[in-house]
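Subject: Structure for you, with notes

Hello,

Here is the structure you were waiting for. My notes follow below it.

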Amino acid sequence: MILLERQTSETQKMLEALVQRLPISNSKYTLYCEHLRRLQAGFAGEQFVDAKWLELDLPFPHYFLHDFQTMNDFGSTHQMDTVFLCPHFLLILEIKNITGKLSYDASFAQLTRTTADDTVEGMTDPFLQLERHVVWMKRLLQKERIDLPVLHAVVLATKNGILTKGFDGLPIFHVAGLRFYLQKWMERHQPRVRVDLLRFANLLLSLQTKLKKEVEVPFKEIVKGVLCPQCGSGQRLKYHYKKWICPRCGLVDRDALIRSLEEYRLLVGQQVTNRSFREFFGIDSPDLAYKLMQQLPLKAEGVKKHRKYWIKE
């Protein structure tokens with residue numbers, strides 16, 4: 001049973017909205033695009049591994065929490081790609097969708113990737129990340145007086161990630177090996193019949209905290225207005241007879257207003273005023289802005305000139 005579904009991160013959504021509205025000439029445009037590409041590749045890899053789980057026959061109670069995020073007592077964050085609970089053990093997975101020749105030096109806690117053009121890139125040590133998560137999870141289990149082994153592994157979502165030296169004895173494998181390792185771990189660890197898995201899984205669910213990584217938004221430079229989703233390149237829609245129409249491709253976009261409000265939320269924030277609405281949506285008339293805002297899921301506070309709106313969750 002999946003208790004926590006995997007969803008596109010707020011950071012990825014922010015970057016998707018930003019790249020759509022930022023001129024290519026901006027000095028950081030390429031940087032934002034690369035950041036977005038990495039997030040999209042990582043998310044695709046996680047979804048691919050999720051699909052592989054569905055192919056497995058698991059004839060016992062089990063629970064998944066995908067992209068589990070929380071904070072410890074010291075204010076540090078934990079982000080676990082997948083937490084899998086079953087009567088035999090609790091498993092924490094770190095999923096990597098990376099290509100190239102991978103090498104690991106434990107003495108320096110250094111993971112490196114050599115690309116096809118022989119470029120060497122340093123990467124965050126996934127084993128140290130997992131060890132942090134394991135320590136936190138073991139403390140929580142101990143606090144709840146639950147006897148359940150905590151396992152961890154790095155899963156490569158693509159066969160084009162080639163493991164070379166330094167990985168001997170470490171918990172890392174390609175996703176094709178998921179069935180093999182799961183069977184191996186089950187044979188090694190006997191099921192705990194007295195463990196209330198669902199209670200502990202729900203406890204984890206209650207500790208879920210959405211962690212938002214801030215993205216610097218150059219608001220003055222982004223293209224304002226309601227943009228055409230088909231044309232791209234900052235093409236603005238025109239509001240004509242209560243319809244949003246693209247003068248270039250002729251699209252009549254019925255979702256234009258609500259989609260642009262979501263982009264506002266991502267790039268500007270939850271609070272909206274008539275003025276900020278007009279500036280972002282590219283509208284001159286305060287009266288038209290007011291009428292359009294009445295169509296949106298906004299909560300109003302204050303009166304007249306002091307009125308502010310909040311985007312409902």
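Which residues are buried in helix α7 (residues 274–281)? They are Ser276, Phe277, Phe280 and Phe281. Please keep in mind that this is a predicted model.

**Helix α7**

Seen down the axis of α7, the buried residues fall within an arc of 115°, so they line one face of the helix. The general rule behind this is simple. An α-helix has 3.6 residues a turn, so residues three or four places apart point the same way. The buried residues of α7 pack against α1, α6, β13 (271–272) and α8 (286–293). Just after α7 comes Gly282, with a positive phi of about 70°.

**Salt bridges**

How many salt bridges are there? The count comes to 15. Here are some of them.

- Arg6 and Glu46 form a salt bridge through their side chains, at 3.5 Å from N to O. This pair links distant parts of the chain, 40 residues apart. Arg6 lies in the loop between β1 (2–4) and α1 (10–21), and Glu46 lies in helix α2 (residues 29–54). Both Arg6 and Glu46 are buried.
- Glu263 forms a salt bridge with Arg21. The closest N and O atoms of Glu263 and Arg21 are 2.7 Å apart. Glu263 and Arg21 are buried.
- Lys96 and Glu94 meet in a salt bridge at 3.3 Å, N to O. Buried means under 20% relative accessible area. Lys96 has 18% relative accessibility, so Lys96 counts as buried. Glu94 has 8%, so Glu94 counts as buried too.

There is also a network of salt bridges, which links Glu10, Lys13, Glu262 and Arg265.

Now the pairings. Strand β5 (residues 100–105) and β6 run antiparallel and are joined by five bridges. Asp105 stands opposite Gln110 in β6. Strand β6 (residues 110–114) and strand β7 (residues 120–123) also run antiparallel, joined by four bridges. Here Leu111 stands opposite Met123 in β7. β6 and β7 form a hairpin, with five residues between them. In the turn, Asp118 has a positive phi of about 70°.

**His66**

One more residue to look at. His66 is found in strand β2 (residues 63–71). Is His66 buried or exposed? At 5% relative accessibility, His66 counts as buried. Leaving out residues up to four places away in sequence, His66 touches Ile2, Leu4, Glu5, Arg6, Asp50, Asp81 and Thr82. Arg6, one of these contacts, is the partner of Glu46 in the salt bridge above.

Best wishes

Notes:
Residues are numbered from 1 along each chain as its sequence is written. This is a predicted model: local features need pLDDT of at least 70, side-chain atom pairs count only at pLDDT 80 or more; totals for chains, interfaces and linings use all residues. Side-chain values use heavy atoms; hydrogens and water are left out. A salt bridge is a side-chain nitrogen of Lys or Arg within 4 Å of a carboxyl oxygen of Asp or Glu. Helices (H or I, at least four residues) and strands (E, at least two) are DSSP runs, numbered from the N terminus. Buried means under 20% relative accessible area, exposed over 50%, partly exposed in between (1.4 Å probe, protein chains only). Two strands pair if DSSP finds at least two bridges between them. The arc is that of the directions from the helix axis to the C-beta atoms. Contact means heavy atoms within 4.5 Å.
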